[in-house]
Amino acid sequence: MYQVIEGIISPVNDSYGKKDLVASHHRVAMAQLALQTSDWIRVDPWESEQAQWMETVKVLRLIERSRSKTADYPVKHLPLHHHNQLLKSSAQMEDPDPSKTPSASAALPELKLLCGADVLKTFQTPNLWKDEHIQEIVEKFGLVCVSRRGHDPKGYILDSPILRQFQHNIHLAREPIQNEISATYIRKALGQGQSVKYLLPDTVIAYIRDHGLYSSDGSWTGKGKIS
Amino acid sequence: MSPSLTQKPSPTGMYQVIEGIISPVNDSYGKKDLVASHHRVAMAQLALQTSDWIRVDPWESEQAQWMETVKVLRLIERSRSKTADYPVKHLPLHHHNQLLKSSAQMEDPDPSKTPSASAALPELKLLCGADVLKTFQTPNLWKDEHIQEIVEKFGLVCVSRRGHDPKGYILDSPILRQFQHNIHLAREPIQNEISATYIRKALGQGQSVKYLLPDTVIAYIRDHGLYSSDGSWTGKGKIS
C-alpha cells in the first residue's frame, strides 16, 4: 500500500532516565556508524540535544508541522525527533496497476511511528501513555509494528478500544526473517565480556570497545582484531 | 553462511572453541541453485574477513568430485595427528558444513582457569543446523555406519532451526540416542533464522537482503550477477 521513502532514527534525550542509557552523543554516533551504508535511513540528533525529554506525540507533531511548511520537504532542515524510528511513506495512488510506482510528488508523505510489538503492549500500562496521545498517534499518524517473540500485536489491538478503532492505521510488518536481536541482550552480553560479533556491525563494536561502553568494570577486554 | 555461535567458550561450557572452518561443498554435489564453487568460496572469505577464529578452506570444492561428510572428517583427523603442533595452513580441511575444533576441558572444576591448548588434543566436531539432524532419518541419504561414526568418533554441535526439534530427533533415533552425550545443542540467546534459501529467493525477486548479509557479500553478488532470475540485478542505491 505504501512506498517507504525515508526512515529516521532519533535517539531519546538523556533526561529520559532509562537505566543503562549511555550519553546521547555516543548513541547518536553508534547509530550513525550503523547507518553509514544506508541510502534511505538516517539519524537525527535534534531530540537528544534538547534540554529535556519530550513525549512521543509532541515529537511527531513537530515533524508534521515543519514538513507542511516546506513544499518539497528538504530533509536536512527539518528537526526530526524520536527515539524510535519514524517512517515517511507516500500513500499509493488509487491505481490498482502494481507496475506503476507511485510518484513522490503525487501524494504528501505520511509520517508513521515504527515500533516493536512490545511497545504496542506498553499502551496498556497504566499511567505510562495518555489515552489522548495514543489516539492521536494511531489516528493522525499511524503505526508500523514489527514482531517480537512472545508478543501478540493482534491481540493487543483487539484488547484496546482505541487501537481497535484505528486498526486500519496499524500496519503489522511482514517479516520473512524475524529479527530477535535486542539491545537489552547486547548490553547484558557486553557486561559479561561476551562477543556480540554478527549481532552488531563491526564499526559499532569497535566504537563500544574504544569508548569502554556497556562493560561492568569500565574497561573491555575484547580479544582479536574485532571481537 | 553466518556462524551463529558467537560466544567462547563453547555453548555447553565444556569446551574451548579454538577454530572454525567452513568448507564449501563440491560443485558435483549437484544441488539446485548452487553457484560455481569459486564464487561460494569468495563470498565466504568476504564474510569472514574480520574473523579471528573462523576461516574458509577451499580444498574440498577444488577436488574432482564430491565426497561424503564422514570421509572429509577422517581426512582432517588423519592429517592433524601427523603434525605435533597442528599448523593450520598445511592441513586440507574439508567440509560443506562448518567444522569446529575444540579443546576438551581439563578435569579442573575451577571455571576461572582457562584450559591450556597444549594440555589436550583438539577435537574436531561437525557443526550443523537442526534441520540437518533431521535428515539422518531420510531413507538412503546417509549410511547408518557413517552416522554412527560421525556422532561416536567426532561429535556434533547442533544449532537450532525454527520448526525443528533436535531433542526429539535424537530420542527417535537409536544411534543418536546412544551417543547423545556427543551431540551438543548450542545455547543461543538470540536465534538466528537467516536461511540461505530465503536469501536466494529474495534476490531472485529483486528484494534487498541488506542487514541479512554483510555489505561486501551483497556487493559481490551484485557485481557477479548471482542469484537473480534474469541474470542481471537491479539493486538500487549504494548498497541495496
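What percentage of the 240 residues in chain B is buried? Select chain B to begin: buried residues make up 46% of its 240 residues. Keep in mind during the tour that this is a predicted model.

**Stop 1: chain B as a whole**

Show chain B as a cartoon. Its secondary structure comes to 9 helices and 6 strands. The accessible surface comes to about 12,500 Å², and 52% of it belongs to carbon and sulfur atoms. Contacts within the chain can also be sorted by distance in sequence. Among contacts in chain B between residues at least 6 apart in sequence, 70% join residues at least 24 apart.

**Stop 2: aromatic pairs in chain B**

Over all chains, the structure holds 4 aromatic pairs. Select B:Tyr29 and B:Trp66, whose ring centres are 5.4 Å apart; their planes are at 35°, so this pair is tilted. The pair links distant parts of the chain, its two residues being 37 residues apart. B:Tyr29 is in the loop between strand E1 (15-22) and helix H1 (37-47) of chain B, while B:Trp66 is in the loop between helix H2 (59-62) and helix H3 (69-82) of chain B. B:Tyr29 is partly exposed, with a relative accessible area of 38%. B:Trp66 is also partly exposed, with a value of 33%.

Next, select B:Phe136 and B:Trp142. Their ring centres are 4.8 Å apart and their planes are at 90°, so this pair is edge-to-face. Is B:Phe136 buried or exposed? At 10% relative accessibility, B:Phe136 counts as buried, because the cut-off for buried is under 20%.

**Stop 3: a lysine over a ring in chain B**

Select B:Lys210 and B:Tyr211. B:Lys210 lies over the face of B:Tyr211, at 4.9 Å from the ring centre. The side chains of B:Lys210 and B:Asp215 meet in a salt bridge, 2.9 Å from N to O. B:Lys210 is buried, with a relative accessible area of 11%, whereas B:Asp215 counts as partly exposed at 24%.

**Stop 4: a salt-bridge network in chain A**

Move to chain A and select A:Glu6, A:Arg42 and A:Asp44. Salt bridges that share partners join these three residues into one network. Side chains of opposite charge can pair when their charged atoms come close. Over all chains, the count comes to 19 salt bridges.

**Stop 5: a lysine over a ring in chain A**

Select A:Lys197, A:Tyr198 and A:Asp202. A:Lys197 lies over the face of A:Tyr198, at 4.9 Å from the ring centre. The side chain of A:Lys197 also meets that of A:Asp202 in a salt bridge, 2.9 Å from N to O. A:Lys197 counts as buried at 5% relative accessibility, while A:Asp202 is partly exposed at 24%.

**Stop 6: A:Lys112**

Select A:Lys112, in strand E4 (residues 109-116) of chain A. Which residue forms a salt bridge with A:Lys112? The partner is A:Glu110, and the closest N and O atoms are 3.0 Å apart. A:Lys112 counts as buried at 2% relative accessibility, and A:Glu110 counts as partly exposed at 26%. Now show the backbone of A:Phe141: its oxygen lies 3.0 Å from a polar atom of the side chain of A:Lys112.

**Stop 7: helix H1 of chain A**

Finish with helix H1 (residues 24-34) of chain A, where the buried residues include A:His26, A:Val28 and A:Met30. The buried residues of this helix pack against strand E2 (41-43), helix H2 (46-49) and helix H9 (202-210) of chain A.

Note on methods: Residues are numbered from 1 along each chain as its sequence is written. Chains are lettered from A and ligands numbered from 1 in the order in which they are written. This is a predicted model: local features need pLDDT of at least 70, side-chain atom pairs count only at pLDDT 80 or more; totals for chains, interfaces and linings use all residues. Side-chain values use heavy atoms; hydrogens and water are left out. Helices (H or I, at least four residues) and strands (E, at least two) are DSSP runs, numbered from the N terminus. Buried means under 20% relative accessible area, exposed over 50%, partly exposed in between (1.4 Å probe, protein chains only). Contact means heavy atoms within 4.5 Å. Accessible areas come from the Shrake-Rupley method with a 1.4 Å probe; for residues, only the protein chains shown count as cover. Rings of Phe, Tyr and Trp (its six-membered ring) pair if their centres lie within 6.5 Å; planes under 30 degrees apart count as stacked, over 60 as edge-to-face and the rest as tilted. A charge sits over a ring if NZ of Lys or CZ of Arg is within 6 Å of the ring centre and within 35 degrees of the ring normal. A polar contact is a pair of N or O atoms within 3.5 Å; within protein, one must be able to donate a hydrogen and the other to accept it, and residues adjacent in sequence count only if both atoms are side-chain atoms. A salt bridge is a side-chain nitrogen of Lys or Arg within 4 Å of a carboxyl oxygen of Asp or Glu.
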